[in-house]
Protein chains: 2
Amino acid sequence: MTFTEDEYSRRLAAVRERMTRQNLTALIVTDPSNLYYLLGYNALSFYTPQMLYVPLEGELYFFARAMDAAGAFRTSWLPQDQTFGYPETFVQRKDTHPFVWVGQKLRELGVVNNFSHGQVGLEMDSYYFSPRAFEVLVKALPEYRFTDSYELVNWVRVVKSPAEIDLMRGAARVCESAMEAAFESVEIGRRQCDAAAAIMSAQVKGTDAFGGDHPAIVPMLPTGAGADTPHLTWSDQAFIAGETTVVELAGVFRRYHVPMARTIVLGTPSTRLDYLAKSTGEALNAVLDAVRPGATTSDLAQTWNIALAEHGLHKPSRIGYSIGIAYAPDWGERTVSIRTDDDTVLAENMTFHIIGGMWMDDYGYEVSEAVRVTDSGVETFTSFPRHLLTKE
Amino acid sequence: MTFTEDEYSRRLAAVRERMTRQNLTALIVTDPSNLYYLLGYNALSFYTPQMLYVPLEGELYFFARAMDAAGAFRTSWLPQDQTFGYPETFVQRKDTHPFVWVGQKLRELGVVNNFSHGQVGLEMDSYYFSPRAFEVLVKALPEYRFTDSYELVNWVRVVKSPAEIDLMRGAARVCESAMEAAFESVEIGRRQCDAAAAIMSAQVKGTDAFGGDHPAIVPMLPTGAGADTPHLTWSDQAFIAGETTVVELAGVFRRYHVPMARTIVLGTPSTRLDYLAKSTGEALNAVLDAVRPGATTSDLAQTWNIALAEHGLHKPSRIGYSIGIAYAPDWGERTVSIRTDDDTVLAENMTFHIIGGMWMDDYGYEVSEAVRVTDSGVETFTSFPRHLLTKE
């Protein structure tokens with residue numbers, strides 16, 4: 001297992017404490033990152049429905065497709081007799097759904113009592129829990145009063161343990177190696193897909209000490225005029241002299257993500273790009289200086305806004321979010337956002353991706369740092385030149 | 001654009017014809033593969049909510065996060081004035097949701113009439129349409145009577161156009177190159193992550209003629225005793241002499257996927273593995289021989305069952321599914337399954353991944369072919385030795 005038995009126990013206890021506060025008698029977990037956090041379960045099996053049943057007291061039960069449940073013990077600490085596989089006949093059918101079977105099994109297991117059971121939390125905005133799955137569950141378990149758990153487990157994940165920080169430091173080494181590969185391979189005349197191949201190779205290979213893992217998002221490489229659009233991937237076109245490429249990627253070690261964004265210009269930057277880069281860099285530095293326990297995310301966003309305004313610039317989107325475990329399609333934890341209307345108080349061992357992404361008309365610039373809140377300030381996970389990267 | 005204007009028109013017409021048959025006056029599309037199919041829109045932006053409004057008659061409207069909507073025209077044919085970006089303040093909030101804004105905008109656009117509006121189809125089992133998004137939509141548009149569209153667009157996608165087949169033939173070249181990389185890099189003493197890096201590099205690089213694209217699922221490499229578990233990815237452990245590795249990967253060209261599975265043994269295969277491989281290979285050949293227009297998927301599954309039974313073997317899961325466009329986390333189209341209780345009649349230019357995956361206790365074997373139904377039989381997209389691959 002990646003973590004000690006003690007660490008898994010502490011995680012479960014923290015989840016249950018939060019369940020008590022939210023008045024939940026049970027929680028149904030479907031988000032693959034939360035399943036990994038609580039069980040260690042790690043497989044690309046979440047394209048068919050999965051769920052973990054977490055009661056306030058008593059045994060946990062995990063449900064997955066039969067072919068996946070059978071091997072769950074290879075990555076999960078949960079005993080095999082608490083892991084159940086729904087039959088193949090429930091997979092991708094119009095007339096039924098795996099959670100019909102799961103509801104029946106929960107009933108057999110005796111965890112469905114009566115209408116006084118209390119409230120059961122659901123991850124109503126999880127990527128791999130569909131409206132159909134929700135409706136089936138409501139129908140299969142009429143005794144339950146379901147309510148949104150509002151990313152309950154995700155919120156427990158916000159503050160990292162020392163063991164998690166160690167993994168993120170490993171991911172940082174992978175991230176540096178991948179950004180080096182990007183800088184080397186983004187060059188005039190080379191196809192974008194060839195550069196992306198070099199980057200992904202570096203991400204997956206990792207370093208001698210830290211074998212790489214698959215990133216929740218593949219490298220994003222908007223280039224040329226498309227660099228004003230943040231989430232474009234690569235094409236088979238070649239990089240062009242004078243053009244700008246924005247690179248956003250993550251290093252991953254045992255599912256923990258450390259992202260980084262940098263901007264590469266193939267030639268001499270235009271005056272407007274140079275100005276944008278310097279202004280954005282100063283604003284990012286100001287934000288990093290403001291990170292400390294007790295500050296709020298809203299403080300950081302204000303710092304950013306003021307620093308940018310000094311240069312006549314403005315960026316309406318959030319400038320960062322909590323990071324850690326991730327699976328496709330996002331490496332954010334979907335909890336803390338660094339923006340003016342988020343008042344999370346920073347605490348030691350929270351980890352964020354702080355990103356200055358400036359998408360102007362026809363050009364753009366990105367620079368970011370993945371950070372840990374220390375006991376008195378900030379630790380940047382990676383070490384890589386924090387300015388516009390130029391190359392002939 | 002990847003396809004002609006005519007081809008996009010034909011697709012929309014086919015979707016609307018099916019809408020009429022399903023008694024829908026409008027359809028709300030959220031699946032990124034369906035968005036790509038109908039609009040050409042291609043970005044890794046689906047981690048925040050997106051939707052396309054398709055009325056039976058009249059204009060289409062596309063909604064995405066403001067930073068993504070602004071650049072949508074770079075990949076989508078839809079005019080920019082039919083593309084709307086919801087403000088950043090709606091992203092990942094507990095107290096609101098992007099579809100609150102979208103509902104209001106649909107109202108402003110005049111597409112919300114009254115209770116006689118009819119039925120509006122929703123993709124109730126799409127990966128990126130959450131129960132919270134569903135509830136918000138129901139509340140924001142009380143005039144609408146929503147109903148499940150049952151993968152309406154996915155079903156239109158089942159039969160491919162000649163242009164799509166061309167792209168899949170390109171993806172097949174990428175697939176062969178990636179499997180060659182797998183065969184070369186899975187070797188005794190090498191770390192699994194290093195082999196995975198070589199495979200992903202080949203996938204993303206592609207060939208000179210066909211630049212590679214990111215696969216919906218990263219290479220799966222269950223090895224050793226774990227080869228009995230289909231959806232494990234790699235670790236940083238080295239490959240061990242005598243052990244078996246199951247490789248499942250896809251070549252991708254412009255989002256079109258052509259998958260392939262093979263099994264590599266590092267040494268001399270055990271008698272039981274050899275027997276399993278030969279039996280499975282014969283059963284796969286029998287299925288390929290049975291593919292022709294007019295046959296049913298159930299016929300194929302029966303052929304498989306009978307061929308396996310002759311060797312005393314049995315496999316309860318489906319042996320294939322429809323393939324084409326895909327985004328994470330699955331490269332299947334979630335429509336046709338090749339199994340005994342699916343009676344889809346095969347037609348020319350349907351495309352499937354036919355996969356013999358045998359997960360026994362402590363060992364396993366996989367072999368597959370991606371195929372096209374021709375006017376009289378079958379075309380296998382890739383050309384690669386179809387047996388147990390052995391290496392010293």
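A residue counts as buried when its relative accessible area is under 20%. Keep that cut-off handy for the last stop; this is a predicted model.

**Both chains**

Start with chains A and B together. Rotate chain B by 180 degrees, with 0.0 Å of shift along the rotation axis, and it superposes on chain A with an RMSD of 0.0 Å. That's the relation of a two-fold axis.

**The α8 pair**

Next, select residues 192-205 in chain A and in chain B, which is helix α8 in each. The two axes come within 8 Å and cross at roughly 165 degrees. Angles over 145 degrees count as roughly antiparallel, so that's what α8(A) and α8(B) are to each other. The crossing of α8(A) past α8(B) is right-handed.

Now show side chains here. On α8(A), the contact residues include Cys193(A), Ala197(A), Met200(A) and Val204(A), and on α8(B) they include Cys193(B), Ala197(B), Met200(B) and Val204(B). Asp194 and Lys205 of chains A and B take part as well. Sorted by class, the contact of α8(A) with α8(B) has 10 nonpolar, two polar and four charged residues.

**Gln203(A)**

Stay on α8 of chain A and click Gln203(A). Is Gln203(A) buried or exposed? Its relative accessible area is 1%, so Gln203(A) is buried.

How values were computed
Residues numbered from 1 in each chain as written. Chains lettered and ligands numbered in written order. Predicted model: local features only at pLDDT ≥ 70, side-chain atom pairs only at ≥ 80, totals over all residues. Heavy atoms only, no water. Axes fitted to C-alpha atoms, helices over the stretch in contact; angles between N-to-C directions. Helix = DSSP H or I, 4+ residues; strand = E, 2+ residues; numbered from the N terminus. Parallel < 35°, antiparallel > 145°, perpendicular 65-115°, else oblique. Left-handed = near helix turned anticlockwise from the far one by under 90°. Contact = heavy atoms within 4.5 Å. Nonpolar A, V, L, I, M, F, W, Y, C, P; charged D, E, K, R; others polar. Least-squares fit on C-alpha atoms with pLDDT ≥ 70 in both. Buried < 20%, exposed > 50% of the residue type's maximum accessible area, 1.4 Å probe, protein only.
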